[in-house]
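Subject: Handover of a structure and the findings from it

Dear colleague,

Please find below the structure that I am passing on to you.

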Amino acid sequence: MKAILRAVDKFCYRHPRFGIRNLMLYIIISNAVVAIVSLFDQSNTFVNYLVFNADKILRGEIWRLVTFLFVPPMGLDGNMFSIILVAVALYFYYFLGTSLQNLWGVGKFTIYYFSGALFMIIFGFIAYFFNVIVPFGAYYLNLGMFFVFATFYPNMQVLFMFFIPLKVKYLAWLNLAFFAYDMIAERAFFPGNLLPAVILLHYLLFCGGWLIDSIRPGRVKTAYNTVNFRQAAKQVQREQEKRPYTRRCEICGKTDTDYPNLEFRYCSRCQGYHCFCEEHINNHTHFS
């Protein structure tokens, strides 16, 4: 997993223009448009033309490979309660997506989101070859972003149901229980009930290494592996004359010369002295 993430980070560094900026904004606008159209189509004919369906894709309806990302989490039946639920869900997805884009950068978030969509597509075709047709939208993919968010911001406090203060990590466990319930209660036969597990596998691909580092037995010991900043400063001073910058991020390559307002820090959990910008200090594979 760490090797894959390093490859992703290197690719994003070498291709700084790669990615779709404001990707989640486009996804949310598309979801909102489809939700509004569904108000005038109570038979769900329009939505049924957008969801992923392996059988119909193989019959020529290839647009479903993309349009399933535009299917809202639920349909609108005209009452105010359903409209509020859809609006809250879409805002929640937008918040998660933009937060991860700010954390990872445009390129890495784009790779994360579309690789998740690819995982779902592969699953849909595998299920089809087991003679199980699983129509789906991007519901679990969007909910899966919450696991990533909770990994990096576990102690952030939010208002659950608008009035119950809870830390994000507890809501992540609740989300995990919801995924497990969906797999158990799903009426479809194997492998049709494994879509939530596919999204969890995708999450582990991007965050599994981080979780292992945080729960491994040596975690407490490494927590005290504090950087000797005096020694680091001397090392920087020796090398300063050889290069036109003082600090450079190990992940994205940004320097304090090119970005004078950007904050740079040394990671206390990495072996040696490795500097990272504020975007990657809490989001990198530790050097050992």
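I begin with one residue and its surroundings. Leaving aside neighbours within four places in sequence, Thr151 is in contact with Tyr203, Cys207, Trp210 and Leu211. Thr151 belongs to helix H8, which covers residues 139-152. With a relative accessible area of 12%, Thr151 falls under the 20% limit and therefore counts as buried.

Please note that this is a predicted model. The mean pLDDT of the chain is 82, and 81% of its residues reach 70 or more. Confidence is highest in helix H5 (residues 64-67), at a mean of 96, and lowest in helix H11 (residues 219-223), at 41. Over residues 218-227 the pLDDT is below 50, and this stretch has 14 contacts in the model beyond near neighbours in sequence.

Overall composition

The chain has twelve helices and four strands. Of its 288 residues, 45% count as buried. Among the contacts in the chain with a separation of 6 or more, 64% are accounted for by residues 24 or more positions apart. Gly209 lies in helix H10 and is buried, with a relative accessible area of 7%.

Helix H6 (residues 80-104) has 25 residues, which at 1.5 Å a residue should span 36 Å; the C-alpha atoms at its ends are 36 Å apart, so the two values agree. Just after H6, Gly105 takes a positive phi of about 100°.

Thr110 is located in H7 and is buried, because its relative accessible area of 4% is under 20%. Not counting residues up to four places away in sequence, Thr110 touches Gly19, Ile20 and Leu23.

H7 is followed by Asn131, which is found in the loop between H7 and H8. Asn131 has a positive phi of about 65° although it is not a glycine. With a relative accessible area of 74%, Asn131 is above the 50% limit and so counts as exposed.

Asn44 likewise has a positive phi, of about 60°, without being a glycine. Its place is the loop between H2 and helix H3 (45-48). Asn44 is partly exposed, with a relative accessible area of 35%.

Packing of H2 against H7

How is the packing of H2 and H7 described? Two packed helices are described by the angle between their axes and the distance between the axes. H2 and H7 pack at an angle of about 40°, and their axes are 10 Å apart. This angle makes H2 oblique to H7. On the H2 side the contact is made by Leu23, Met24 and Ile27, and on the H7 side by Phe109, Thr110, Tyr113 and Phe114.

In soluble globular proteins, nonpolar side chains tend to be buried together. The largest nonpolar core here has 57 residues, and Tyr112, Tyr113 and Met145 are those with the most contacts inside it. The elements that give two or more residues to this core are helix H1 (2-14), helix H2 (23-39), helix H4 (54-58), H6, H7, H8, helix H9 (168-185) and helix H10 (195-215).

Tyr113 can be followed in detail. Apart from neighbours within four places in sequence, Tyr113 is in contact with Leu23, Met24, Ile27, Leu69, Ala138, Leu141, Asn142 and Met145. Leu23, Met24 and Ile27 are also the H2 residues that make the contact with H7.

A second, separate core has twelve residues, including Cys249, Cys270, Cys275 and Phe276.

With kind regards

Note on methods. Residues are numbered from 1 along each chain as its sequence is written. This is a predicted model: local features need pLDDT of at least 70, side-chain atom pairs count only at pLDDT 80 or more; totals for chains, interfaces and linings use all residues. Side-chain values use heavy atoms; hydrogens and water are left out. pLDDT is the predictor's confidence in each residue, from 0 to 100. Contact means heavy atoms within 4.5 Å. The expected span of a helix is 1.5 Å times one less than its number of residues. Buried means under 20% relative accessible area, exposed over 50%, partly exposed in between (1.4 Å probe, protein chains only). A nonpolar core is a set of buried Ala, Val, Leu, Ile, Met, Phe, Trp, Tyr and Cys residues joined through side-chain atoms within 4.5 Å. Axes are lines fitted to C-alpha atoms, for helices over the stretch in contact, and angles run from 0 to 180 degrees between N-to-C directions. Angles under 35 degrees count as roughly parallel, over 145 as roughly antiparallel, 65 to 115 as roughly perpendicular and the rest as oblique.
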